[in-house]
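Hi,

Here is the structure I promised to pass on.

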Amino acid sequence: MSALSILFATSEMAPWVKTGGLGDVAAALPAALRKAGHDIRVLLPAYPALKQAFPAATMAAELPAFAPGLPACRLLTAKAGQLELLLLDCPELYDRPGNPYLDASGQDWPDNALRFGLLSRVAARLGQPDSPLGWQPDIVHANDWQTALAPAYLHYQGGAASVVTVHNIAFQGCFGRDMLASLGLPEHAWRFDGVEYHDQLSFLKAGLQLASQISTVSPTYAREIQDEHFGYGLAPLLRHRSAALRGILNGVDTELWNPATDPALPFAYAANRLAAKRANKTALQTEMGLEVTADRPLFGVISRLTGQKGLDLLLTVAEGLPKLPAQLVVLGSGDKAMEAGFIDLAKRFPGQIVVKIGFDEGLAHRIEAGADCFVMPSRFEPCGLNQMYSLRYGTPPIVRATGGLADTVVDVCEDSLADKTANGFVLDGDTPHALWLTIEHVCRTWQDRKLWLRIQQNGMRRDFSWTHAANEYVALYRDAIATRG
C-alpha cells in the first residue's frame with residue numbers, strides 16, 4: 001500500500017514539553033510512523049522550551065489572522081532526529097513560563113480557548129488544499145481537547161480526513177458561546193450535532209462529533225468511556241459514534257526503556273540475566289537511604305499523587321508495610337494533603353519508607369529497575385505507561401482492572417501461570433482492604449523465588465513496542481480517508 005501523508009497535531013511532546021502520557025505518545029508514535037515509511041509532520045506550539053531546543057528552526061510560512069481572537073502567526077520548521085517538527089510561533093499566546101496549560105498559581109490560562117483554538121485552526125489550515133506549506137496531509141490527527149477543534153474546522157470548511165484521539169476524556173476544553181466568533185466558527189456550528197455542549201463550546205465534544213474517526217489509548221478504555229461512569233457526560237455521543245471508535249493500546253519507547261541498555265541504571269540486565277536486577281535493588285536502597293537488605297520486597301511508586309491514581313488506598317495501608325516486612329519508595333507530586341501524608345510516613349519509618357516529592361527521570365528508571373513490585377491501583381487509567389515499563393523491567397505491577405491496565409496486566413492465578421501469561425497482580429475492588437490483601441499476596445509470592453522469576457520473565461517477554469500500534473493507526477487513517485470519501 002502507498003505511504004500516507006500525516007499531520008500529527010499535539011499540545012505537548014516529550015522530552016521538551018510533557019505533563020502526561022500525551023507527551024510520550026507524541027514523541028513515539030510519529031517516530032514509529034516515520035520509520036514505517038510515512039510522511040509525517042508534528043505540529044505543536046513554539047513554547048520557550050522548544051525555541052531553546054531548536055534555535056536554528058527556519059521559517060516555513062507566515063499566516064495572517066484567522067479570526068478576531070486568532071492572531072497572525074508563523075510556522076517554523078525543525079528536525080528532531082528524522083522527524084520534522086512544525087512549531088507554531090505566536091509569542092503573545094505561547095511565550096509563557098512553566099506548564100503549557102496553567103499559570104504560576106495553578107489556574108488555567110484565561111485565554112486557553114484562543115491558544116488552542118489557534119493550534120487547531122492551523123492544523124486544519126494545513127489540511128486544506130491551499131495549505132501554506134504547499135503540502136497537504138491525507139489525514140489530520142488531533143489529540144485531546146487542545147487540538148480537537150481541528151476536525152470541526154475541516155468539517156465546516158472542507159479539507160483532509162481527520163482522527164481525534166482521546167487520551168483522557170475527563171479534560172474537555174469547555175468555554176462560553178462568546179468564543180464562537182472569536183474562533184472563526186460559523187453560527188450554524190452552534191448545534192447539538194456541532195460544537196455546542198450543554199450551552200458551552202466544547203473542543204473535545206466537537207472533535208468527537210465531527211472527526212472522520214475516533215480513537216482512544218486502549219481497547220478497554222474505548223468500552224469504558226461509552227459507559228456513564230467513565231464517559232464524563234460524553235458516553236451517549238460515543239455510543240452514537242461507536243462504529244467510528246477504536247481502542248489502540250499505546251506502546252512504549254523500547255530503546256529508551258530497555259534494562260539491557262538503560263544508561264540510568266548502575267547494572268544492565270535482561271530476562272535471562274536477572275541476577276543483576278537484584279544489584280539494582282541494592283543500589284536503589286543505598287541511593288534512597290533505605291536499609292540495604294535482600295530479605296524483604298521493595299514496592300515502588302512513580303506517579304502523580306492523586307485519587308485517580310488510587311494512591312490514597314496505599315497511603316491508608318502503607319504503615320503496615322514495615323511489619324510484613326516490606327519497603328516502599330515513592331516518587332511523585334500532586335495533592336498537597338497526599339504529599340504530606342507520604343512525607344509523614346517516611347519520617348515515621350526511616351529506612352523502610354522513603355518519599356521524594358517531584359520528578360526525576362533517571363530516578364524513575366532506577367525505581368523501575370530496583371523495585372520488586374510496582375504499585376499502580378488507579379481508579380481509571382486510559383492506557384498507562386508505567387505498568388508497561390514495569391513489565392519490561394521485570395517488576396510485576398499491582399493494578400486495578402481498568403483501561404489499559406486491564407489490557408496489559410494478567411493476574412497471577414493457576415490458569416495464567418499454566419499458559420505463561422501471568423505477569424502481575426490485579427486488585428479485587430478499590431478499597432484499602434483489597435489493596436492490602438493484594439500486597440500480602442505479592443509478599444507470599446515473592447518468597448517463592450522460582451515462581452517470581454517465571455512471573456518476571458512472562459512480563460519481560462511481552463512486546464510493547466510501537467510497531468503494532470503504528471500499524472493499527474495506519475489502518476484507522478485509511479478508514480478515515482475512506483469515510484471522508
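**Salt bridges**

R348 and D344 form a salt bridge, with their closest N and O atoms 3.8 Å apart. (A salt bridge here is a side-chain nitrogen of Lys or Arg within 4 Å of a carboxyl oxygen of Asp or Glu.) The two residues are four apart in helix 14 (residues 336–348), so about one helical turn separates them. Helices are DSSP runs of H or I with at least four residues, strands are runs of E with at least two, and both are numbered from the N terminus. R348 is partly exposed at 42% relative accessible area, and D344 is partly exposed too, at 37%. (Buried is under 20% relative accessible area, exposed is over 50%, and partly exposed is in between, with a 1.4 Å probe and protein chains only.)

Before going on, a word on the ground rules. This is a predicted model, in which local features need pLDDT of at least 70 and side-chain atom pairs count only at pLDDT 80 or more, while totals for chains, interfaces and linings use all residues. Residues are numbered from 1 along each chain as its sequence is written, and side-chain values use heavy atoms, with hydrogens and water left out.

D360 is partly exposed at 25% relative accessible area, and K356 is partly exposed at 34%.

Another one pairs D430 with R379, at 4.0 Å from N to O. D430 lies in the loop between strand 18 (425–426) and helix 19, and R379 in the loop between strand 16 (373–376) and helix 16 (386–392), so this pair ties together parts that are 51 residues apart in sequence. D430 is partly exposed at 34% relative accessibility, as is R379 at 26%.

Next, take a look at helix 19 (residues 432–447) and helix 20 (residues 449–460): their axes come within 5 Å and cross at roughly 110 degrees. (Axes are lines fitted to C-alpha atoms, for helices over the stretch in contact, and angles run from 0 to 180 degrees between N-to-C directions.) That makes helix 19 roughly perpendicular to helix 20, a label for angles of 65 to 115 degrees. On the helix 19 side, V442, T445, W446 and Q447 meet R449, L451, W452 and I455 of helix 20. (Contact means heavy atoms within 4.5 Å.)

**Cysteines**

How many disulfides are there? The count is zero, taking a disulfide as a pair of cysteine sulfur atoms within 2.5 Å. For C383, the nearest cysteine sulfur is that of C373, 19 Å away. C383 is buried, at 3% relative accessibility. The sulfur of C413 is 16 Å from its closest cysteine sulfur, in C373, which is too far for a bond. C413 is partly exposed, with a relative accessible area of 36%.

**One last residue**

D479 sits in helix 21 (residues 466–484) and is partly exposed at 33% relative accessible area. D479 and A244 are 235 residues apart in sequence, yet 9.0 Å apart in space, C-alpha to C-alpha. Setting aside neighbours within four places in sequence, D479 is in contact with Q213 and R246.

Cheers

Note on methods. Parallel < 35°, antiparallel > 145°, perpendicular 65-115°, else oblique.
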